[in-house]
Amino acid sequence: MHTVLVVLHAASGTVGLLLALPVLLAPKRRGRHTLLGRVYAGAAVGLSLSAFGLFAYDPGRLWGLAVLGALTLGWLVGGLWFARRRPRGLGGRGWRIWHFNLMGSTVIAFVTGFAVQMTGGHLVAWLAPTVLGSLLIARTTAREIARAPRRVAVATTS
């Protein structure tokens with residue numbers, strides 16, 4: 001069973017890493033973005049669930065994997081919720097900001113896992129993807145806010 005989990009984890013991680021950039025760069029509308037996004041989401045679920053299974057085999061050494069898996073799954077569910085529900089209470093396109101931030105966080109998790117694996121768990125591998133990814137997410141968020149229609153406040157005088 002351990003081998004099956006390792007293969008599932010590696011395959012899910014590979015698919016997620018390969019699809020992250022195409023999903024991010026695809027036009028944000030139905031079609032390519034949503035199709036690739038569904039496959040990406042499936043890879044994130046596979047990655048997270050296999051992380052929990054692998055953690056069960058060696059909890060003392062793989063606790064970070066379980067934490068990353070739980071965070072990834074939470075970010076994924078939140079990102080998909082905002083994309084599907086598009087809550088209006090956030091001001092028109094405000095749901096997109098939450099979607100970008102949460103799904104971008106899943107990409108950071110994929111990259112972090114890959115970097116940690118390739119470096120044998122070096123501290124920089126744990127931190128660099130978060131720092132760089134957060135800067136990119138902040139930039140995208142700022143652009144989305146700039147694109148949002150401006151609301152004009154009308155003051156009434158008595």
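This is a predicted model: local features need pLDDT of at least 70, side-chain atom pairs count only at pLDDT 80 or more; totals for chains, interfaces and linings use all residues.
Is Phe82 buried or exposed in this structure? Phe82 is buried, with a relative accessible area of 14%; buried means under 20%, exposed over 50%, and partly exposed in between, taken with a 1.4 Å probe and protein chains only. Residues are numbered from 1 along each chain as its sequence is written, and side-chain values use heavy atoms, with hydrogens and water left out.

**View 1. The aromatic cluster of Trp81, Phe82 and Trp98.**
Together, Trp81, Phe82 and Trp98 form one aromatic cluster. Rings of Phe, Tyr and Trp (its six-membered ring) count as a pair if their centres lie within 6.5 Å; planes under 30 degrees apart are called stacked, over 60 edge-to-face, and the rest tilted. By this rule the structure has three aromatic pairs. Trp81 is partly exposed, at a relative accessible area of 42%, whereas Phe82 is buried.

**View 2. Tyr40 and Phe110, a tilted pair across the chain.**
A pair of aromatic rings is described by the distance of the centres and the angle of the planes. For Tyr40 and Phe110, the centres are 5.3 Å apart and the planes stand at 40°, which makes the pair tilted. The partners come from distant parts of the chain: Tyr40 sits in helix α2 and Phe110 in helix α4, 70 residues apart. Helices here are DSSP runs (H or I, at least four residues), numbered from the N terminus. Tyr40 is buried, with a relative accessible area of 3%, and Phe110 also counts as buried, at 3% relative accessibility. For another pair, turn to Trp81 and Phe82: their ring centres are 5.0 Å apart and their planes are at 90°, so this pair is edge-to-face.

**View 3. The largest nonpolar core.**
A nonpolar core is a set of buried Ala, Val, Leu, Ile, Met, Phe, Trp, Tyr and Cys residues joined through side-chain atoms within 4.5 Å. The largest one here has 13 residues, and those that touch the most other members are Leu19, Val23, Tyr40, Leu76 and Phe110. Helices α1, α2 (32-57) and α4 (94-119) each supply at least two residues of this core. The biggest share is from α2, which gives six residues. Leaving aside residues up to four places away in sequence, Leu19 touches Leu36, Val39 and Tyr40, where contact means heavy atoms within 4.5 Å.

**View 4. Gly69 in helix α3.**
Gly69 has its place in helix α3 (residues 63-85). With a relative accessible area of 5%, Gly69 is buried. Which residues does Gly69 touch, not counting residues up to four places away in sequence? They are Ser48, Ala51 and Phe52. For a sense of scale, Gly69 and Ile145 are 76 residues apart in sequence and 30 Å apart in space, C-alpha to C-alpha.

Side chains of opposite charge can pair when their charged atoms come close. A salt bridge is a side-chain nitrogen of Lys or Arg within 4 Å of a carboxyl oxygen of Asp or Glu, and the structure holds three of them. Glu144 bridges to Arg96, with the closest N and O atoms 3.0 Å apart. Because Glu144 lies in helix α5 (residues 123-147) and Arg96 in helix α4, the pair ties together parts that are 48 residues apart in sequence. Both Glu144 and Arg96 are buried. Glu144 also meets Arg147 in a salt bridge (3.5 Å, N to O). Glu144 and Arg147 both belong to helix α5, three residues apart, about one turn of the helix. Arg147 counts as exposed, at 54% relative accessibility. Salt bridges that share partners join Arg96, Glu144 and Arg147 into one network.

**View 5. The salt bridge of Asp58 and Arg61.**
Here the side chains of Asp58 and Arg61 meet in a salt bridge (2.9 Å, N to O). Asp58 counts as partly exposed, at 27% relative accessibility, while Arg61 is exposed, with a relative accessible area of 63%.
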